[in-house]
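Please have a look at the structure first, and then read on.

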Amino acid sequence: MGTQLSQDALNRALIERQMLRERADIGAFATIERLFGIQAQEPKSPYIGLWTRLRDFQPQELEDLLVSRYVVRVLLMRGTIHLVSAVDALALRPHTQLKLDRELQSGPFAKRLQGLDLDAVAEAGRKILDDTPQGTADAGKQLQQRWPDREHTVLGNALRNKLALVQIPPRGLWHQSGRAVCTTLEAWLDQDQHPMNRETLVLRYLKAFGPSTVMDAQQWSGLTRLGEVFEKLRPQLATFTNEAGKELFDLPDAPRPDPETEVPVRLLPEFDNILLAHADRRRVIADDRLGVVIGGKPTVLVDGYVVATWSVDKERTITVDYIDKLGKSRQKAVAEECDRLQDWLKQN
């Protein structure tokens, strides 16, 4: 095993790769691909995630990418909605299917799905949604004509897991809003899914989130048995250990800044992937604070770690709720970053 990396060293590596040390002068599309997707459970959160990482980001840039189908909102890692490039959507979605199938067998709808031919439901649902994009519950009502003994919400949920469904605009736009209207990924992009190999998936993950353990990669992806992939890749990876003695893998030439590197205050949207991409999340948030992430609260990073949550009201005024007591200079830095976001929100 290699050199031990401290928690602060892991923090700085993650901050650097997640483009949170210095705002970048690249476009939204390149950023989405570099980050290997942006968590998008809340429709407008990717806009905040891009604002906090990019110089001069304007919402119209992402809206144009969604409308032109260069990026899509689709169910992916951990069974949640992610914003990814069209190419990555087609390559990543097949890897999530096994986990989504397991959810149907053990989740809250499992008993009400027993005895149902889910492949037949999916095929019938595909025809409905490819013909007329609509909500999954609406499609479930049509499926109920064929399966009258099943609840339409249960049938709709089966479609959510069995099909790769894109939430199409105006859902996910900044200047408009809309309910989740879906069609299949294949119909929206006029292409079939084609899975990237698992080695490429792991390398892309490490580039965005490393150094990481095997369990970290499995937590992020929802996949199992990635240990085999890491072993296959071992000759081309660098290895380290964390403070607990667990083995970490990384790309040899990936940035691993000095743990004393200064990082600025950053405001993160709900469920930002920096908080969800590892089994051990202490590199950015203490275990006793995970509830704020699970609860969907936007968070504040000071010196690279979560120290507060923030919220915005109808007048677009930001309020900070501190978890830690901070000195006056750090509180001032937080207030200045909040002012920057407030100004941006009011301009857009």
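The charged end of arginine 23 is placed over the ring of tryptophan 51, 4.5 Å from the ring centre. Keep in mind that this is a predicted model. Another such contact involves arginine 69, which lies over the face of tryptophan 188 at 3.4 Å from the ring centre.

**Tryptophan 51 and its partners**
- Tryptophan 51 forms an aromatic pair with tryptophan 344, with 6.2 Å from centre to centre and 40 degrees between the planes, and this pair is tilted.
- Because tryptophan 51 belongs to helix H3 (residues 45–51) and tryptophan 344 to helix H15 (residues 328–347), the pair ties together parts that are 293 residues apart in sequence.
- Is tryptophan 51 buried or exposed? Its relative accessible area is 6%, so tryptophan 51 is buried.
- Tryptophan 344 counts as buried too, at 6% relative accessibility.
- One aromatic cluster is made up of Tyr47, Trp51, Phe57, Trp174 and Trp344.

- Phenylalanine 29 is in helix H2 (residues 28–34), while tyrosine 70 is in the loop between helix H4 (59–67) and strand S2 (71–75), so the pair links distant parts of the chain, 41 residues apart.
- Phenylalanine 29 is partly exposed, with a relative accessible area of 29%, whereas tyrosine 70 is exposed, at 51%.

Technical notes: Residues are numbered from 1 along each chain as its sequence is written. This is a predicted model: local features need pLDDT of at least 70, side-chain atom pairs count only at pLDDT 80 or more; totals for chains, interfaces and linings use all residues. Side-chain values use heavy atoms; hydrogens and water are left out. Helices (H or I, at least four residues) and strands (E, at least two) are DSSP runs, numbered from the N terminus. Buried means under 20% relative accessible area, exposed over 50%, partly exposed in between (1.4 Å probe, protein chains only). Rings of Phe, Tyr and Trp (its six-membered ring) pair if their centres lie within 6.5 Å; planes under 30 degrees apart count as stacked, over 60 as edge-to-face and the rest as tilted. A charge sits over a ring if NZ of Lys or CZ of Arg is within 6 Å of the ring centre and within 35 degrees of the ring normal.
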